Amino acid sequence: MTVFHAVDVIKAKRDGEILTDTQIRSFIQAYTDGQVAEEQAAALLMAVVWQGMTTEELSAWTAAMVASGDRLDLSGVGRPTVDKHSTGGVGDKVSLPLVAIVAACGAAVPQLSGRGLGHTGGTLDKMESIPGWRAALPPDEMITVLQRVGGVICAAGPGLAPADRKLYALRDVTGTVESIPLIASSIMSKKIAEGTKALVLDVKVGTGAFMSDLGQARTLAETMVQLGQANGLRTSALITAMDTPLGRAAGNAVEVEESLEVLQGGGPEDLVTLTHALAREMLALAGVDADADAVRHDGRALATWRAMVAAQGGDPDAALPQATDHQAIRAPQSGYVTRLDARAVGNAAWRLGAGRARKEDIVSKTAGIWCRAKPGEWVEEGQPVVELAIDDPARVPAALDALTGAFDIGPEPPPTRDLIIDYIHF
Ligand code: URA
């Protein structure tokens, strides 16, 4: 048997050599088991940031992360399974209405989600603003909800890709998050372990996204689609714009409120457009022939949402918590809003308390931002452009600071921009 030395693997990657399957598997397993030191894993991660990975290395790395924990078996659910993953953006509450819509159409959606970090929100944080709703479900209960209701949004348990849990925390503090192979393997290992048979990725590009370069976003999307296909998941991706918040709300309860509008047949146009595009793609991959628009208008999606909420202890009839105060930032002159920056709005919501700076932070359910005017809309002088939903007045100055220069107003409407920039299919 070959003796495994972590330092040999680190040096090989540092020097641009191609790692073998065995080297990768041994390293990931030993790190998960606590036999590789944090500094050694950090050194290997930094070498990967610089040297990249070949397709074969990436496939072995992803497989090793999946093998570090459990892989759920959803074959007993009785409906085709399909999920969606977004790389994260400001006001991106699409998962909330989407899971209910696609489930109401007849597919099963096992949405294992995370919490927000930094300026982008997390689906679980949003759902937790619903009185009584709980994120943690053991795998057998999750499968029961999927069978009964068709959709579930819950926390990924500790048994799912534990290597990624450790590696992601380490990447966060070692400047090694920004690497396409590391991001792709991190996201895809969790989705492969989750057991879904099909997956649609929403790769965001723009100021409010993880990536602001279209070429990089496209490479990330292609890499993830290839990884999914190679692991038996029918996978496709949309590349979508994230320069301005999606919809009008950014925060937790405020985003649930807006999601309910969509489920009741209304909601902001950009949010509805993206939700429908993703629903169509998911239903096509799942082989389900159904009309997403019909279930949104005839109450079936809303009924599924209510059942999903109730299945996890939530009260679908309870009023959502409300902020204690509001403050508007008003248009200094009349004109068209030509820009409303997603990153600035995300940072402001975060500073008001809607997001967290460290994993341990508790988020505010009610703090957030309402975008009262979006790019392309006309405002009169003095009309609110952005409104802060406040539950802690001490946080307002930092939020106002984040919003300095966040929007422009001009005499002409801005050029229209495509929300959906590209589709990646193989
Ligand atoms: N989301 C993940 O799950 N992993 C990454 O590496 C980046 C975003």
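Start at the boundary between domain 2 and domain 3, which bury about 2100 Å² between them, 52% of it on carbon and sulfur atoms. Buried area here is the accessible area (1.4 Å probe) that two parts lose on being put together, summed over both. Next, select His-119, Arg-248 and Asn-252 in domain 2: they lose the most area to domain 3, together 29% of what that side buries.

The model is predicted: local features need pLDDT of at least 70, side-chain atom pairs count only at pLDDT 80 or more, and totals for chains, interfaces and linings use all residues. Residues are numbered from 1 along each chain as its sequence is written, and side-chain values use heavy atoms, with hydrogens and water left out.

**Domains**

Color by domain: domain 1 is 6-52, domain 2 is 83-311 and domain 3 is 325-410. These bounds come from an automatic or database domain assignment. Show the contacts across the boundary. Here 29 residues of domain 2 meet 29 residues of domain 3, where contact means heavy atoms within 4.5 Å. The C-alpha centres of these two domains are 24 Å apart.

**Ligand**

Now select the ligand. Around it are Tyr-168, Arg-171, Ile-183, Ser-186, Ile-187, Lys-190 and Phe-210, each with a heavy atom within 4 Å. By class, that shell holds four nonpolar, one polar and two charged residues. Tyr and Phe count as nonpolar, along with Ala, Val, Leu, Ile, Met, Trp, Cys and Pro; Asp, Glu, Lys and Arg are charged; the others, Gly among them, are polar.

Which atom of the ligand is 2.6 Å from an N or O atom in the side chain of Ser-186? It is a nitrogen atom. Move to Lys-190: one of its polar side-chain atoms sits 2.5 Å from a ligand oxygen atom. The protein covers 87% of the 240 Å² of accessible area that the ligand has on its own, by the Shrake-Rupley method.

Switch to cartoon. Helices α8 (162-174) and α9 (180-194) each give two or more residues to the shell. The largest share, four residues, comes from α9. Helices are DSSP runs (H or I, at least four residues), numbered from the N terminus.

**Ile-143**

Finish at Ile-143, in helix α7 (residues 139-149). Leaving out residues up to four places away in sequence, Ile-143 touches Asp-73, Leu-74 and Val-77.

Technical notes. A polar contact is a pair of N or O atoms within 3.5 Å; within protein, one must be able to donate a hydrogen and the other to accept it, and residues adjacent in sequence count only if both atoms are side-chain atoms. Accessible areas come from the Shrake-Rupley method with a 1.4 Å probe; for residues, only the protein chains shown count as cover.
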